[in-house]
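The following questions and answers go through a structure term by term. Please look at the sequence and coordinates first.

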Amino acid sequence: MTDITPIPDTDPTTGTVIEHAVRTIDVKREYKMGNETVRALKGISVEIGRGEYISIMGPSGSGKSTFFNMIGGLDKPSEGKVYIDEVDIAQLDSYELAWMRCRKIGYIFQTFNLIPVMTALENVQLPMIFAGMTTADAQDKAMEILKRVELGHRWKNKPTEMSGGQQQRVAIARAFANDPTIILADEPTGNLDLNTGKLIIELLSGLNQERGVTIISATHDHKMLAVSDRIIWISDGTVAKISRRDELKIEAGSVEGPGWGEGQARL
Amino acid sequence: MTQTAAQPRRQIELPLSKAVEIAYNSIRLRFTRSLLVTSSIVLALAFLCSILTTQTLLDGMRQWTAAWPQSTQYRELKKQREKLDVDIDATGSVLRFEAGKAKPPAGAAPFDVKTAFGKKWEDIKSDTGALPVTTGDIDRILTAKPELTGKVKSLIDNMRQRRVIRDQLNRPEALRAAMTTRGVPVEPADIAADRLQTRWVIGLALLVAFVGILNAMLMSVTERFREIGTMKCLGALDSFIVKLFLLESLFQGVVGTAAGMLVGILVSFASAWISYGNATFWNLLTGEILLNLGITLVVGMLLSVGGAILPALQAARMEPIAAMRVEA
């Protein structure tokens with residue numbers, strides 16, 4: 001594909017080499033709920049390299065969502081540091097955060113979240129428009145990406161005219177619109193049937209290989225684990241375990257979360 | 001490991017045209033929802049416009065009645081009536097004189113009014129009012145002296161015309177009477193009191209419309225929290241979200257106000273015409289009517305944009321995490 005700009009490993013302004021897509025140092029997050037303080041994250045430190053495919057697993061209430069939002073620049077830590085592309089997100093003002101969300105991070109949601117009044121093409125174009133691209137350029141590029149997710153022929157369909165799998169593929173195309181460094185996928189297969197989910201996972205891992213983009217996905221889907229380089233298990237606001245894919249294969253036959261006994265999956 | 005922080009750049013402000021484009025599409029495709037907002041604007045503004053216009057039409061008619069005795073048309077008509085009075089008096093005295101001595105010859109054909117004047121005496125008299133001599137006398141005179149038929153005919157024509165002129169001269173009284181029967185004040189003190197009352201009613205109607213718009217826009221924000229969150233995830237600035245909502249509301253405002261103006265104008269003209277007929281147009285204060293339309297337009301814009309400011313700010317403050325929430 002011609003439109004792919006390789007993700008720079010060096011910062012264009014400082015020329016320093018960037019190794020980590022995401023780095024967290026002892027991240028804590030506390031919420032006030034009435035008079036009680038809920039400690040959702042109790043100090044998490046992880047390093048996610050460029051081009052890695054990461055799955056975050058954890059039961060609901062484990063702090064998984066909070067952590068996921070944190071590394072997506074959607075939430076700020078109460079304590080500790082979160083670096084996205086070596087930028088401390090706590091230091092960013094709203095303009096810089098918006099720039100970051102627009103250029104550096106691509107979001108994929110469980111509920112697809114396409115803009116209902118826009119066509120597939122317009123949806124993919126939207127982040128490019130936000131990035132200041134001209135409509136003509138954005139159109140060409142959006143079309144290219146739509147073709148990559150094999151939906152070139154559905155470009156003028158509205159989300160309601162497409163199946164869940166197709167909508168999610170448009171959402172993936174949209175996430176890739178501005179050649180982000182990081183793709184954040186929140187349960188991307190959660191609303192899809194088994195086979196469609198499998199296709200989406202294949203698409204994501206294909207794009208991960210081909211573009212060297214970092215994919216971080218919060219998931220319950222064990223199919224996802226098979227393609228992940230590493231799996232971060234979150235439990236009770238801390239990292240319970242980080243496993244590598246090859247370690248998983250050794251466990252042959254079942255994936256066990258540390259302690260919460262989540263379902264079995266053939267890998 | 002590299003620790004040097006890379007420099008993030010700042011997100012750019014999009015040109016207004018982009019926001020316009022997106023807002024326009026959104027409003028077009030959310031037609032039913034926007035119809036709800038628009039209808040409240042249409043109703044309120046139609047009400048405002050019709051009240052203002054009706055008032056202007058009434059003002060025009062009141063001014064006309066006051067100015068009538070000074071008008072040249074009034075003086076013309078008066079002169080014409082005096083001339084007719086002279087003619088009618090002259091013919092009247094001739095007929096009275098003839099009536100005293102007219103003796104139709106025996107065997108003469110009786111005078112047939114229907115062939116001579118085309119109408120029966122009752123019908124003629126309803127056009128002319130009381131004639132100087134009785135119809136029986138005229139019958140007698142014309143049987144005796146058929147050569148006077150022309151004179152009688154011109155008398156009837158003159159009297160008929162005098163009646164028309166009298167009605168024309170009395171138009172202000174008739175108009176005032178029509179207004180009074182419809183409860184429209186004609187005295188300056190009453191007019192002022194009526195104005196004050198009308199202002200209250202207009203104010204209440206606009207308040208209701210404002211609350212309606214506010215409510216509909218808040219609903220629209222709540223319905224679209226996920227969409228707003230998504231847009232923010234894609235890099236939309238708060239100011240862009242605000243622009244989007246204000247523009248959407250402005251479009252609805254323009255459409256609603258235009259429709260409201262049209263309805264208001266039509267209703268006020270139609271009702272004035274039904275009540276006062278052509279008097280509506282005798283003294284049309286075009287300038288003031290245009291001013292009313294301008295006021296309506298400005299109020300419509302203010303109402304729709306003003307009602308959207310709070311919801312738009314609420315939408316802009318929404319955290320992008322909202323997009324992640326799964327519950328529908």
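Q: How much of the accessible surface of chain A belongs to carbon and sulfur atoms?
A: Accessible areas come from the Shrake-Rupley method with a 1.4 Å probe, and for residues only the protein chains shown count as cover. The accessible surface of chain A comes to about 10,700 Å². The share belonging to carbon and sulfur atoms is 48%.

Q: On what basis are the values given?
A: This is a predicted model, in which local features need pLDDT of at least 70 and side-chain atom pairs count only at pLDDT 80 or more, while totals for chains, interfaces and linings use all residues. Residues are numbered from 1 along each chain as its sequence is written, chains are lettered from A and ligands numbered from 1 in the order written, and side-chain values use heavy atoms, with hydrogens and water left out.

Q: Is A:Asp85 buried or exposed?
A: A:Asp85 sits in the loop between β4 (79-84) and β5 (87-88) of chain A. Its phi is positive, about 55 degrees, although it is not a glycine. Its relative accessibility is 2%, so A:Asp85 counts as buried.

Q: What is the phi of A:Glu187?
A: A:Glu187 belongs to the loop between β7 (182-186) and α6 (194-211) of chain A. With a relative accessible area of 11%, A:Glu187 is buried. Though not a glycine, A:Glu187 has a positive phi of about 45 degrees.

Q: Which residue of chain A forms a salt bridge with A:Asp236?
A: A salt bridge is a side-chain nitrogen of Lys or Arg within 4 Å of a carboxyl oxygen of Asp or Glu. For A:Asp236 the closest N and O atoms of the pair are 3.1 Å apart. The pair links distant parts of the chain, 194 residues apart, with A:Asp236 in the loop between β9 (230-235) and β10 (238-244) and its partner in strand β2 (residues 36-49). The partner is A:Lys42.

Q: How far apart are the closest N and O atoms of B:Asp85 and B:Arg162?
A: B:Asp85 is in helix α3 (residues 72-101) of chain B and B:Arg162 in helix α7 (residues 149-169), 77 residues apart. B:Asp85 is partly exposed at 25%, and B:Arg162 is partly exposed at 27% relative accessibility. The two form a salt bridge, and the separation of the closest N and O atoms is 2.7 Å.

Q: At what angle do α9(B) and α13(B) pack?
A: Axes are lines fitted to C-alpha atoms, for helices over the stretch in contact (heavy atoms within 4.5 Å), and angles run from 0 to 180 degrees between N-to-C directions. The axes of α9(B) and helix α13 (residues 286-317) of chain B are 8 Å apart. The contact is made by residues including B:Leu206 and B:Phe210 of α9(B) and B:Val299 and B:Leu303 of α13(B). The packing angle is about 35 degrees.

Definitions and conventions
Helices (H or I, at least four residues) and strands (E, at least two) are DSSP runs, numbered from the N terminus. Buried means under 20% relative accessible area, exposed over 50%, partly exposed in between (1.4 Å probe, protein chains only).
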